[in-house]
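Student: I would like to go through the labels used for this structure and see what stands behind each of them.

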Amino acid sequence: MENFPVINLENINGEKRKAILEKIEDACENWGFFELVNHGIPLELLDTVEKLTKEHYRKCMEQRFKEAVASKGLEGIQGEMKDMDWESTFFLRHLPDSNISEIPDLSEEYRKAMKEFAQKLEKLAEELLDLLCENLGLEKGYLKKAFHGSKGPNFGTKVANYPPCPKPELVKGLRAHTDAGGIILLLQDDKVSGLQLLKDGQWVDVPPMRHSIVVNLGDQLEVITNGKYKSVEHRVIAKTDGTRMSIASFYNPAGDAVIYPAPALLERKTEIIDKVYPKFVFEDYMRLYATLKFQPKEPRFEAMKSVNTY
């Protein structure tokens, strides 16, 4: 845990840029995850989003979750549950068009805060993609363009709460998986832990840290970098006490974006390339992912080699 990459963006446009870029490069190559501080999103906004998310859960979601648990008879589970997650969730879409006004039960204050938060996160995601381009030796804007398709990227937020669980050894908050899309930005609970990533065969805690944004890479960045950067398996373990808040925002390619390894990375003579990742349309990958999310990613990549729809 003490080695988990925490990256301070404060001097990214100053004399520390090179050192910060090196830290990001190391995190992308060896962890697939890192935690950002001084990321430019106002701390008061983070506090507001957290307060309103927790209020909304208590007011609108908590009772529903308890009723769902009771109706399925889950309090008395004896064996391991491998086909469900101990979580209460709802989803917001921001791009290409927003559905925030259509989600029931959200207060006006909450809608406004989530809209503003999404705009800040979108900007941060695009700045991070450009830092990745710089590290990869790709032209500025390459990754944003790769995600663009005909209507621009898909950007949405999964708002989740992980309530206390009576049998955490039998059920996961969220089963192990890699994320299908591009780059993921997470505002997580700063008191209740539970998020873990798989590193060198060991599950490692992602440390809760006030006002930080946790970043992880999705499968599409692994494909575009031809495996130089990896999407990493992660999970949420259930806890007997405390409800853990998680607000994960996914900056993903457009459905019709064609995803393939960046030619500039394949042309370099400095590295030995032993395999080339497939070329495919993102929505085809998502169709496959929908049925295989909780299985290893490698067979998904393999299967895409035979889907030539682009």
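**Labels and their grounds**

Tutor: Start with Pro153, which counts as buried at 9% relative accessibility. Keep in mind that this is a predicted model.

Student: What makes 9% relative accessibility enough for Pro153 to count as buried?

Tutor: Buried means under 20% relative accessible area. Pro153 has 9%, so Pro153 counts as buried. Pro153 lies in the loop between H4 and strand E4 (154–162).

Student: Which residues does Pro153 touch, not counting residues up to four places away in sequence?

Tutor: Leu95, Pro96, Phe147, His148, Tyr251, Asn252, Pro253 and Ala254. As for Gly201, that residue is 48 residues from Pro153 in sequence and 33 Å away in space, C-alpha to C-alpha.

Student: Phe147 and Tyr251 are both on that list. Why is the pair of Phe147 and Tyr251 called tilted?

Tutor: Rings pair if their centres lie within 6.5 Å, and planes under 30 degrees apart count as stacked, over 60 as edge-to-face and the rest as tilted. The centres of the Phe147 and Tyr251 rings are 6.1 Å apart and the planes are at 35°, so the pair is tilted.

Student: What parts of the chain does the pair of Phe147 and Tyr251 tie together?

Tutor: Phe147 lies in helix H4 (residues 142–148) and Tyr251 in strand E11 (residues 244–252), so the parts tied together are 104 residues apart in sequence. Both Phe147 and Tyr251 are buried.

Student: How many aromatic pairs are there by this rule?

Tutor: The count comes to 8 aromatic pairs. For Phe65 and Trp86, the ring centres are 5.4 Å apart and the planes are at 80°, so this pair is edge-to-face. Phe65 is in helix H2 and Trp86 in the loop between H2 and strand E3 (88–95), 21 residues apart. Both residues are buried.

Student: Which residues form one aromatic cluster?

Tutor: Tyr277, Phe280, Tyr285, Tyr289 and Phe301. Phe280 and Tyr285 are also among the residues that Gln220 touches.

Student: How do you know that Gln220 counts as buried?

Tutor: The relative accessibility of Gln220 is 0%, so Gln220 counts as buried, the cut-off being under 20%. Gln220 lies in helix H5 (residues 219–224). Beyond four places in sequence, the contacts of Gln220 also include Ala180, Gly181, Pro253, Ile259 and Phe282.

Student: And why is Ala262 called buried?

Tutor: Ala262 has a relative accessible area of 0%, so Ala262 is buried. This residue lies in the loop between strand E12 (258–259) and helix H6 (263–266). Leaving aside neighbours within four places in sequence, Ala262 is in contact with Leu138, Tyr142 and Ile224. The C-alpha atoms of Ala262 and Asn226 are separated by 7.5 Å, while the two residues are 36 residues apart along the chain.

Student: Which residues make the contact?

Tutor: H2 contributes Leu45, Leu46, Thr48, Val49, Leu52, Thr53 and His56. H3 contributes Glu109, Tyr110, Ala113, Met114, Glu116, Phe117 and Lys120. These residues divide into 8 nonpolar, 3 polar and 3 charged.

Key
Residues are numbered from 1 along each chain as its sequence is written. This is a predicted model: local features need pLDDT of at least 70, side-chain atom pairs count only at pLDDT 80 or more; totals for chains, interfaces and linings use all residues. Side-chain values use heavy atoms; hydrogens and water are left out. Contact means heavy atoms within 4.5 Å. Helices (H or I, at least four residues) and strands (E, at least two) are DSSP runs, numbered from the N terminus. Ala, Val, Leu, Ile, Met, Phe, Trp, Tyr, Cys and Pro count as nonpolar, Asp, Glu, Lys and Arg as charged, and the others, Gly among them, as polar. Rings of Phe, Tyr and Trp (its six-membered ring) pair if their centres lie within 6.5 Å; planes under 30 degrees apart count as stacked, over 60 as edge-to-face and the rest as tilted. Buried means under 20% relative accessible area, exposed over 50%, partly exposed in between (1.4 Å probe, protein chains only).
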